[in-house]
Amino acid sequence: MNAIEIKGLCKSYNDFKLDNIDLVLPSGCIMGLVGENGAGKSTTIKLIMDAIKRDAGEVLVLGADNRSREFLSLKEDIGVVLDEAYFPEVLNARNVNSIMKNTYKNWNEKQFSEFLTRFSLPLKKQFKDYSRGMKMKLAMAVALSHDPKLLILDEATSGLDPMVRDEILDIFNDFTRDENHSVLLSSHIVSDLEKICDYIAFIHRGKLLFCKEKDRLLEEYGIVRMTKADFEGVPEEAVKGKKVTGFGVEALVLRDSVSSAFTVERAGIEDIILYIAKGDK
Amino acid sequence: MKGLLIKDFDTILKQLRIYLVLIAVMTFLPGFSMLTFAVVYVTMIPMTAIAYDERSKWDKLAAMMPYSAADVVLSKYVLGFLLVLGTGVFACFAQAVVGIFTHTALTGTFFTKLALVICFALVIESIELPVLIRFGVEKGRLLMILFMVLVGVGGATLIENITELLKSTEVRMAVPLAALGAAVVGALSALASIGLYKSKKE
């Protein structure tokens with residue numbers, strides 16, 4: 001079963017359009033949703049959770065239509081961390097425990113307490129005195145403490161220091177050891193996604209430019225650096241983006257379409273995304 | 001919905017302790033007007049809970065949890081109604097305590113008047129909540145100030161005339177009628193608020 005299946009998803013605002021998104025997250029996998037600010041990542045996540053109205057398309061989450069009645073109870077199995085929404089600022093972690101205990105049937109107090117200790121979060125400190133990193137860690141602890149099958153995280157690792165980010169990425173890896181568990185993670189920090197994701201979905205200006213297995217992306221694409229004269233020998237269809245400088249040309253190419261006479265270097269996910277987004281600049 | 005109520009009560013208890021003490025003190029004061037004021041005053045508390053929700057963008061988070069729009073909206077009604085009824089019950093206790101020292105017992109008229117005031121406060125709550133849910137606390141506050149002026153005038157008139165009204169035999173049906181009226185207004189208001197809340201979905 002797929003954790004998330006999206007077909008032809010569209011949503012228009014006055015100045016922005018999320019256009020015909022098709023995306024599948026298989027169970028047991030981690031998918032990274034990448035894109036610039038305003039690309040449509042948060043809109044996609046809100047549409048997946050049916051928190052905003054879609055204009056067209058279909059969204060299945062854990063096998064159920066997200067507009068069905070069944071989906072409300074299915075939310076028990078989905079842990080969500082949002083970039084910009086928190087608990088009221090006068091509350092503390094102890095209050096959150098009692099709220100969540102009465103919100104989720106599977107709320108695991110012991111696990112929540114363990115996460116608080118692991119993330120060094122104080123029990124009685126009010127959220128208004130929390131740093132952004134602490135707020136994200138608390139949201140993460142909440143999302144993980146009700147036995148979810150699917151985690152959806154919107155910019156959850158931004159604002160966290162590298163040590164904590166690494167620890168959280170390990171938690172996601174542990175989480176997906178169970179083949180029924182999946183993670184959809186949007187982030188600007190491509191290195192994080194490269195480290196843990198099985199799939200990368202790249203949204204650019206409201207359009208999904210690709211949604212592929214990370215390893216396949218790394219196999220398919222490469223970087224060539226050569227003179228302008230040599231570059232003329234590279235087939236046009238192989239070039240997915242290029243940068244022309246005074247020294248020559250640096251380009252993202254499809255490895256299979258380039259002659260073996262050229263040296264093709266490894267392209268990281270960040271390179272692939274930047275070149276594809278910028279095109280011929 | 002229980003989780004939503006716990007969140008609101010926790011927020012209120014942390015933020016409005018002095019406000020709640022003030023309301024409790026009012027219920028001990030002699031004379032019915034302060035008691036009326038206390039019961040009506042408490043209807044403002046859900047506004048604070050909504051303001052804290054708005055500031056933290058709680059609604060966006062709640063939309064990710066197993067809560068329907070109806071759960072979120074109705075929790076504010078339950079909060080408001082529990083506070084009004086709780087203040088009414090506390091007022092009985094307070095006036096009974098005062099009666100021990102002043103050697104006066106609570107009369108049937110006291111209970112009738114209190115019941116009418118509670119119904120009046122529930123109607124205020126039912127008018128207030130759709131406005132706050134539709135416009136938010138920032139914009140809704142302006143409309144609420146205008147509304148509270150009208151309530152103040154209405155409340156004063158009610159208190160002035162309530163004793164006279166209750167002398168009339170026909171008006172002894174006032175409490176059941178007022179309770180029915182408050183229930184109908186409350187139900188219509190809640191339905192309207194759920195619709196307004198859903199219409200806010202982008």
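Predicted model: local features only at pLDDT ≥ 70, side-chain atom pairs only at ≥ 80, totals over all residues.
Residues are numbered from 1 along each chain as its sequence is written, chains are lettered from A and ligands numbered from 1 in the order in which they are written, and side-chain values use heavy atoms, with hydrogens and water left out.

I start with the interface. How many residues does the contact take from chain A and from chain B? Chain A gives 30 residues and chain B gives 25, where contact means heavy atoms within 4.5 Å. The two chains bury about 2700 Å² between them, and 61% of that is on carbon and sulfur atoms. Buried area here is the accessible area, taken with a 1.4 Å probe, that two parts lose on being put together, summed over both. On the chain A side, A:Pro88, A:Val90 and A:Asn102 supply 19% of the area buried against chain B, more than any other three residues.

Now the polar part. Between the chains there are 8 residue pairs in polar contact, both residues at pLDDT 80 or more. A polar contact is a pair of N or O atoms within 3.5 Å; within protein, one must be able to donate a hydrogen and the other to accept it, and residues adjacent in sequence count only if both atoms are side-chain atoms. The rule finds 1 salt bridge across this interface, a salt bridge being a side-chain nitrogen of Lys or Arg within 4 Å of a carboxyl oxygen of Asp or Glu. A:Glu89 and B:Arg55 form that kind of pair through their side chains, at 2.6 Å from N to O. Helix H3 of chain A gives the most to the side of chain A that touches chain B, with 4 residues. Helices (H or I, at least four residues) and strands (E, at least two) are DSSP runs, numbered from the N terminus.

Let me stay with that helix. A:Asn95 is found in H3 of chain A, which covers residues 93-101. Is A:Asn95 buried or exposed? A:Asn95 is buried, at a relative accessible area of 10%; buried means under 20%, exposed over 50%, and partly exposed in between, with a 1.4 Å probe and protein chains only. Its side chain makes a polar contact of 3.3 Å with the side chain of B:Asp10. Leaving out residues up to four places away in sequence, A:Asn95 touches B:Asp10 and B:Lys14. Other buried residues of H3(A) include A:Val96, A:Ile99 and A:Met100. The cover over the buried residues of H3(A) includes helix H4 (109-118) and helix H5 (132-144) of chain A, and helix H1 (2-15) of chain B. The N-terminal end of H3(A) is capped by A:Asn92, with a side-chain oxygen 3.1 Å from the backbone nitrogen of A:Arg94.

Next, salt bridges in general. Over all chains, the search finds 23 of them. One is A:Glu167 with A:Arg118, the closest N and O atoms being 3.2 Å apart. A:Glu167 lies in helix H6 (residues 162-175) and A:Arg118 in helix H4 of chain A, so this pair ties together parts 49 residues apart in sequence. A:Glu167 is partly exposed at 23%, and A:Arg118 is partly exposed at 42%.

In chain B, B:Lys76 pairs with B:Asp53 in a salt bridge at 2.9 Å between the closest N and O atoms. B:Lys76 is in helix H6 (residues 69-102) and B:Asp53 in helix H4 (residues 45-56), 23 residues apart. B:Lys76 is buried at 7%, and B:Asp53 is buried at 5%.

There is also a network of salt bridges linking A:Arg225, A:Lys243, A:Glu250 and A:Glu265. Within this set, A:Glu250 and A:Lys243 have their closest N and O atoms 4.0 Å apart.

On backbone angles: most residues other than glycine have a negative phi. A:Asp50 has a positive phi of about 55°, and A:Leu62 has a positive phi near 50°. A:Asp50 sits in the loop between helix H1 (41-48) and strand S4 (56-61) of chain A. A:Leu62 is in the loop between S4 and strand S5 (64-65). A:Asp50 is buried at 19%, and A:Leu62 is buried at 11%.

Last, the surface of chain B. B:Val21, B:Val25, B:Leu29, B:Met34 and B:Phe37 make a nonpolar patch of about 410 Å². Helix H2 (17-28) and helix H3 (32-41) of chain B each give two or more residues to this patch. Patches are made of residues with over 30% relative accessible area and no salt bridge, with like charges joined within 9 Å and nonpolar side chains (Val, Leu, Ile, Met, Phe, Trp, Tyr) within 5 Å. Accessible areas come from the Shrake-Rupley method with a 1.4 Å probe, and for residues only the protein chains shown count as cover.
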